[in-house]
Amino acid sequence: MVERRSWALVAVPAAVVGVGWVVRRVAVHAHSTGIAGVTPQAPSRDPARLVPAVRGHAEAAGVNPVLLMAILYAESYKPHVPLLERAWQVVHRDSAFGVANMHRLAYERTRPGRPFAGRAWTELPGDPDLAVQAAAWHLHDLRARLPLVIVGTFTADELVGMGYNAGVRNMLRFAHGTPPGPRAAAYLDRLREHWQRAEAALAAPQPPRPSVPVAS
């Protein structure tokens, strides 16, 4: 009996990791081939459900809510299921967490002095609102690093969007005229593809929040 339990303790986590690996690889393939950009998403995965969080956190951080929403669409190529994200983390220690696919280093650099300073990076998979908040402030920090004079044709939002994916050093190179590499350019293409969808999601009327009775 003890031996069977021991095998079960090993087999169940291994199965979860295996499923997580398969789901992740399929999602990455769909993202890289463009399938993810044209396939309708289930309501539970559509970033449009996060519009209230995007509006509130983008305003607090002083960033463009359309950019933040477009990033959420660009990062929605994989299912953000906490169990699968944590399983994938076992295989790939440098993987990202949450609906905004945020890496640990970016989160740790962003959170000091912020409203979520006491929250851990490991909480991102189960808390979409925290993930959106952290992404908004990360965009704020990237925007603050841009030079006053930008060389080239990229807008500030486009540079910040590429910086979210490629890092601040590459963002600064692009801002000084260095052409982005294939991965950064592909990510910018994704953002541009999702821009109108992000605008439409933010412009759509939101259902009223349920009223809370006031105690007399």
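1. In this predicted model, the side chains of Arg-119 and Glu-123 meet in a salt bridge, with 2.6 Å from N to O. Side chains of opposite charge can pair when their charged atoms come close. Arg-119 is partly exposed, at a relative accessible area of 28%. Glu-123 is likewise partly exposed, with a value of 30%.

2. Arg-119 also forms a salt bridge with Asp-127, and here the closest N and O atoms are 2.7 Å apart. A second pairing elsewhere in the chain involves Asp-157 and Arg-143, whose side chains meet in a salt bridge of 3.5 Å, N to O. Asp-157 belongs to helix H8 (residues 156-166) and Arg-143 to helix H7 (residues 128-145), so this pair ties together parts that are 14 residues apart in sequence. Asp-157 is buried, with a relative accessible area of 16%, whereas Arg-143 counts as partly exposed at 44%. As for Arg-119, the salt bridges that share partners join this residue, Glu-123 and Asp-127 into one network.

3. How many salt bridges does a search of the whole structure find? The search finds seven; among them are the Arg-119 to Glu-123 pair, the Arg-119 to Asp-127 pair and the Asp-157 to Arg-143 pair.

4. The protein chain has 10 helices and zero strands. Read from the N terminus on, its elements therefore run α-α-α-α-α-α-α-α-α-α. Of the 216 residues in the protein chain, 39% are buried.

5. The buried residues include Val-66, Leu-67, Leu-68 and Met-69. Also among them are Ala-70, Ile-71, Leu-72, Tyr-73 and Ala-74. At the start of H4, a side-chain oxygen of Asn-64 comes to within 2.9 Å of the backbone nitrogen of Val-66.

6. Is Glu-75 buried or exposed? Glu-75 is buried, with a relative accessible area of 7%, because a residue under 20% is counted as buried. Glu-75 is placed in the loop between helix H4 (65-74) and helix H5 (82-91). The side chain of Glu-75 is joined to that of Asn-101 by a polar contact of 2.7 Å.

7. Glu-193 is found in helix H10 (residues 182-203). At 49% relative accessibility, Glu-193 counts as partly exposed, because the exposed class requires a value over 50%. The C-alpha atoms of Glu-193 and Tyr-73 are separated by 9.5 Å, while the two residues are 120 residues apart along the chain. Tyr-73 is one of the buried residues of H4.

8. Which residues form a positive surface patch? The patch is formed by Arg-109, Arg-145, Arg-169 and Arg-173. Arg-109 is placed in helix H6 (residues 104-110). With 62% relative accessibility, Arg-109 counts as exposed, because this value lies over the 50% limit for that class.

Notes: Residues numbered from 1 in each chain as written. Predicted model: local features only at pLDDT ≥ 70, side-chain atom pairs only at ≥ 80, totals over all residues. Heavy atoms only, no water. Patch = residues over 30% accessible without salt bridge, like charges linked within 9 Å, V, L, I, M, F, W, Y side chains within 5 Å. Areas by Shrake-Rupley, 256 points an atom, 1.4 Å probe, with all protein chains shown as cover. Salt bridge = Lys/Arg side-chain N within 4 Å of Asp/Glu carboxyl O. Lys, Arg positive; Asp, Glu negative; His and termini not counted. Charge placed at Lys NZ, Arg CZ, Asp CG, Glu CD. Helix = DSSP H or I, 4+ residues; strand = E, 2+ residues; numbered from the N terminus. Buried < 20%, exposed > 50% of the residue type's maximum accessible area, 1.4 Å probe, protein only. Polar contact = N/O pair within 3.5 Å; in protein donor to acceptor, adjacent residues only side chain to side chain.
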